[in-house]
Amino acid sequence: MFKANLEWACPLIGGRLVVGYIEDVKAALYMHEQSSGRRLYQIPLDIGTVSGFYADKEENELFLAFESFLVPMIEYRMDFSGVPIEKMPEMKEIRRVHINGMEKESFKVEQVFYPSKDGTKVRPRLSMDIQIPMYIISNAGMQKNGENPVILNGYGGFNVADMPYFSVSRLLFVRHFGGVYACANLRGGSEYGEAWHEAGMKGNKQNVFDDFISAGEYLVGEKITKPAKLTIHGGSNGGLLVGACSQQRPDLFGCAINRVGVLDMLRYHKFTIGGAWVPEYGCADVKEDFDIIYKYSPLHNLKIPEGGQWPATLLMTADHDDRVVPSHTLKYIATLYEKAKAHGKQSNPIMARVEVKAGHGAGKPTSKIVSV
């Protein structure tokens, strides 16, 4: 598997070229010589993401903004005035955002790799089995005793990489609830290029669910948590992920938080922008696609385990969501209620929250975010 995925490049003064990569789900910057392509040096960064960058081939300065799971933002400046092309100038920190009570030393960030279920190669000529990367954020003194509450987050689709970024809500959960937050970088994203994306789209969508289930099994197997304390979380395409995995392995998860999920896979393309997703999922109007989609569509595969429990579930949607229309959540919760009532032994809570005067999530006013 190729570890590096080229993201962008920018020419700089003096024949330099800075190139940005994703390397094992973390930002990496390298300086090259434009004329030859020769790599000169690597610009050192911690585990994180370059969230902002400015440079110009006519100017001597470079500015970049960096964030990570534990640091909201650091701004750096590099000045190339009078510096030979082979030498890296000093990387000066000019600004750092700090949140009191959220000291970096109080937390631990670990990246692990766990095997995929299928062992399929990302590209035929590569000899190694797929290893799925996952970040685990915890308190520095976290004990592997199987008793830690864990939120496992995933997306796995649309060629989107789930990169390290700062979230104060995640750290509040870790610090004040003794929790662990895990981010699984599933196939379907762009973490390792287009081959990684294609391995989780259309007829390969089950790979994404298998990767997420394997992440849960890893967390349990390593005694970080146990099924009763393992929550899965995802939004939009990640809501499809949560819905499918809730159905396929209800025994593995104690709770599911499903935000604005794509849950009716047979009709998603008939509403608003849904038709644009056909290249990613396929279309149920096409028999070959229908045969694949129907097998995992969350709405059409709901079944409460006999003698068991459906995980405690919170569904979230908004009445003005014009991307994933609220009918996905409303039909799903109605069907889940019906199945639970017929089962008669469901005691875990099943709830849906419908936000009013709100949409898919992006652009939500601060007042709305605070009220939630």
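1. The overall dimensions come first. A compact globule of 372 residues would have a radius of gyration near 21 Å, and the protein chain has 22 Å, so the two agree. This is a predicted model. Along the principal axes, the C-alpha atoms of the protein chain fill a box of roughly 75 × 50 × 45 Å.

2. Next, the secondary structure and contacts. The protein chain has 16 strands and eight helices. Of its contacts with a separation of 6 or more, 63% link residues 24 or more positions apart.

3. Now burial and surface. Of the 372 residues in the protein chain, 50% are buried. The chain exposes about 17,300 Å². Carbon and sulfur atoms supply 53% of that area.

4. Charge is the next point. The protein chain carries 42 positive and 42 negative charges. Their mean positions lie 5 Å apart.

5. Where does Asn159 sit? Its place is in the loop between strand S11 (150-153) and helix H1 (168-177). Asn159 has a relative accessibility of 35%, between the 20% and 50% cut-offs, and therefore counts as partly exposed.

6. Which residues does Asn159 touch, leaving aside those up to four places away in sequence? The list is Gly188, Gly189, Ser190, Gly193, Glu194 and His197. Asn159 and Gly200 are 41 residues apart along the chain. Their C-alpha atoms are separated by 9.2 Å.

Methods:
Residues numbered from 1 in each chain as written. Predicted model: local features only at pLDDT ≥ 70, side-chain atom pairs only at ≥ 80, totals over all residues. Heavy atoms only, no water. Helix = DSSP H or I, 4+ residues; strand = E, 2+ residues; numbered from the N terminus. Rg over C-alpha atoms; globule rule 2.2 N^0.38 Å. Buried < 20%, exposed > 50% of the residue type's maximum accessible area, 1.4 Å probe, protein only. Contact = heavy atoms within 4.5 Å. Areas by Shrake-Rupley, 256 points an atom, 1.4 Å probe, with all protein chains shown as cover. Lys, Arg positive; Asp, Glu negative; His and termini not counted. Charge placed at Lys NZ, Arg CZ, Asp CG, Glu CD.
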